[in-house]
Amino acid sequence: MVVVAVVGALLIGLAIPLAVVLAVIVVAAAFGTLEMYKRRRAGSAASDAESGVPEKGVATRVVLTTYALLTIATLGLIQVVPYGRDHSNPPITAEPEWSSPRTRELMVNACFACHSNEVEWPWYSNIAPMSWAITDHVDAGRSKVNYSEFATSAEEADETLQEVLDGSMPPGYFTSFGLHPEANLSTAEIDELVAGLRATPGLSETE
Ligand code: HEC
């Protein structure tokens, strides 16, 4: 269960400790429920020599059902957490002086989902824990560089070219499994973007 949670967290870019906490809650609740179930069985079948040790087939089914129900219950409960519901897009104050509309287009496709005030919140951004992960990416991304508030939020903007050259942005989880294909730039598009960024003031350290 914990392993599943960690793998899931890596896939959606959710904080791993958070996923582990959720998994531990499910495991602990399931353990408690199953102990109660065993005790109740032991009580009701006191005369039976096999008491407290449910038949193996039944036991597996009960265990799986318990885990499934508690996972669903936990997923249901976490929906009430208010974090992750703020899907605002503050006003656009200033963008870089893009060297061409094409440069902007490539940046919009690959980067604006987290580094702009034109975030298109997908439907699953309303469902925890995806909502938490996505809000966290947008908050963290905007705080590093926000191409919609270029005048005031540009401390890391000169890293833009380097991030693209390194291939470290957009983050791997964003484009894995065919997600956001428009952000998964081809080699030709990356070359185009690199040239465009070199010609745009403030987006590379070398200009
Ligand atoms: C899925 C959200 C997401 C997308 C899409 C994305 N970024 Fe980021 N970006 C982040 C987050 C989160 C951080 C801060 C944490 C980090 O550095 O990993 C960040 C950090 C950065 C930084 C600061 C780097 C540093 O070392 O501090 C730059 C520059 C950047 N991104 C540029 C880009 C560019 C350029 C693109 C498009 C090619 C892009 N990002 C796409 C989420 C995103």
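**View A. Packing of helix α4 against helix α8.** Helix axes are lines fitted to C-alpha atoms over the stretch in contact, and angles run from 0 to 180 degrees between N-to-C directions. In this predicted model, α4 and helix α8 (residues 187-198) pack with their axes 9 Å apart and at an angle of about 120 degrees. Because angles of 65 to 115 degrees count as roughly perpendicular and those over 145 as roughly antiparallel, α4 is therefore oblique to α8. The crossing of these two helices, α4 and α8, is left-handed. On the α4 side the contact involves R102, T103 and L106, which meet E189, E192, L193, G196 and L197 of α8. By class, the residues of this contact comprise three nonpolar, two polar and three charged.

**View B. Packing of helix α1 against helix α2.** Helix α1 spans residues 2-12 and helix α2 spans residues 16-44; their axes lie 8 Å apart and meet at an angle of about 150 degrees. Angles over 145 degrees count as roughly antiparallel, and α1 and α2 are therefore roughly antiparallel to each other. Their crossing, that of α1 and α2, is right-handed. From α1, the residues V2, A5, V6, G8 and A9 take part in the contact, and from α2, the residues I16, A19, V20, L22, A23 and V24. Ten residues of the contact of α1 with α2 are nonpolar and one is polar, while no charged residue is present.

**View C. The two domains of the protein chain.** The domain assignment divides the chain into domain 1 (2-80) and domain 2 (101-198). A distance of 38 Å separates the C-alpha centres of domain 1 and domain 2. Six residues of domain 1 and nine residues of domain 2 form the contact. The side of domain 1 that touches domain 2 consists of four nonpolar and two polar residues, with no charged ones.

**View E. Two cis peptide bonds in loops.** Most peptide bonds are trans. In the loop between α4 and α5, where P129 is placed, the peptide bond from A128 to P129 is cis, with omega near 5 degrees. A further cis peptide bond runs from M169 to P170, with omega near -5 degrees.

**View F. The backbone at F177.** Most residues other than glycine have a negative phi. For F177, a residue other than glycine, phi is positive, with a value near 55 degrees. F177 is found in the loop between α7 and α8.

Methods: Residues numbered from 1 in each chain as written. Predicted model: local features only at pLDDT ≥ 70, side-chain atom pairs only at ≥ 80, totals over all residues. Helix = DSSP H or I, 4+ residues; strand = E, 2+ residues; numbered from the N terminus. Parallel < 35°, antiparallel > 145°, perpendicular 65-115°, else oblique. Left-handed = near helix turned anticlockwise from the far one by under 90°. Contact = placed C-beta atoms within 7 Å. Nonpolar A, V, L, I, M, F, W, Y, C, P; charged D, E, K, R; others polar. Domains from an automatic or database assignment.
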